[in-house]
Amino acid sequence: MNFDDALGIHPQALQLRARRAEVIASNLANADTPGYKARDFDFHKVLAGEMQGPVRMQTTSNKHIQTDNGLIPPAQMLYRSPTQPSMDGNTVDTEQEHTAFASNSVEYQASLRFLNGKVSGLRSAIKGE
């Protein structure tokens, strides 16, 4: 039995939820920054891509331009469409961001509980309980 198979998608989901929380928090932090464009990513699409094995570019020389080694490729970061654009070009809707942050937090906790359950089950199996 492979340890990764035993944990399922939960470790990747937890990482993506944490990254999404950072993106939404960045949106909220820049709610008053003129011209700032709110960003987010499609969690389910990125998770499906992670489960198939991400394709990332690698450099073979230190003179090559370094690619982003982040969890979310820049091409998958999306801009939110503002429901009511502001005069200064900022597209952050704080109510929408707060809702997205709360929803993401609940889903993060759910993934964490699933992962804890899987680890507890493995621990019980190892101990023979």
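This is a predicted model: local features need pLDDT of at least 70, side-chain atom pairs count only at pLDDT 80 or more; totals for chains, interfaces and linings use all residues.
## Packing of α2 against α4

Two packed helices are described by the angle between their axes and the distance between the axes. For helix α2, which covers residues 10-29, and helix α4, which covers residues 94-127, the angle is about 160° and the axes lie 9 Å apart. Angles over 145 degrees count as roughly antiparallel, and α2 and α4 are therefore roughly antiparallel to each other.

The crossing of these two helices, α2 and α4, is left-handed. Sorted by residue class, the contact of α2 with α4 comprises 14 nonpolar residues, together with six polar and five charged ones.

## The largest nonpolar core

Nine residues make up the largest nonpolar core, namely Ala13, Leu16, Val23, Phe41, Phe43, Val46, Leu47, Ile72 and Met77. Two or more residues of this core come from each of α2 and α3, the latter spanning 43-51.

Val46, one of the core residues, touches Leu16, Phe41, Ile72 and Gln76 when residues up to four places away in sequence are not counted. Among these partners of Val46, Leu16, Phe41 and Ile72 are themselves listed in the largest nonpolar core.

How values were computed. Residues are numbered from 1 along each chain as its sequence is written. Side-chain values use heavy atoms; hydrogens and water are left out. Axes are lines fitted to C-alpha atoms, for helices over the stretch in contact, and angles run from 0 to 180 degrees between N-to-C directions. Helices (H or I, at least four residues) and strands (E, at least two) are DSSP runs, numbered from the N terminus. Angles under 35 degrees count as roughly parallel, over 145 as roughly antiparallel, 65 to 115 as roughly perpendicular and the rest as oblique. A crossing is left-handed if the near helix is turned anticlockwise from the far one by less than a right angle, and right-handed if clockwise. Ala, Val, Leu, Ile, Met, Phe, Trp, Tyr, Cys and Pro count as nonpolar, Asp, Glu, Lys and Arg as charged, and the others, Gly among them, as polar. A nonpolar core is a set of buried Ala, Val, Leu, Ile, Met, Phe, Trp, Tyr and Cys residues joined through side-chain atoms within 4.5 Å. Buried means under 20% relative accessible area, exposed over 50%, partly exposed in between (1.4 Å probe, protein chains only). Contact means heavy atoms within 4.5 Å.
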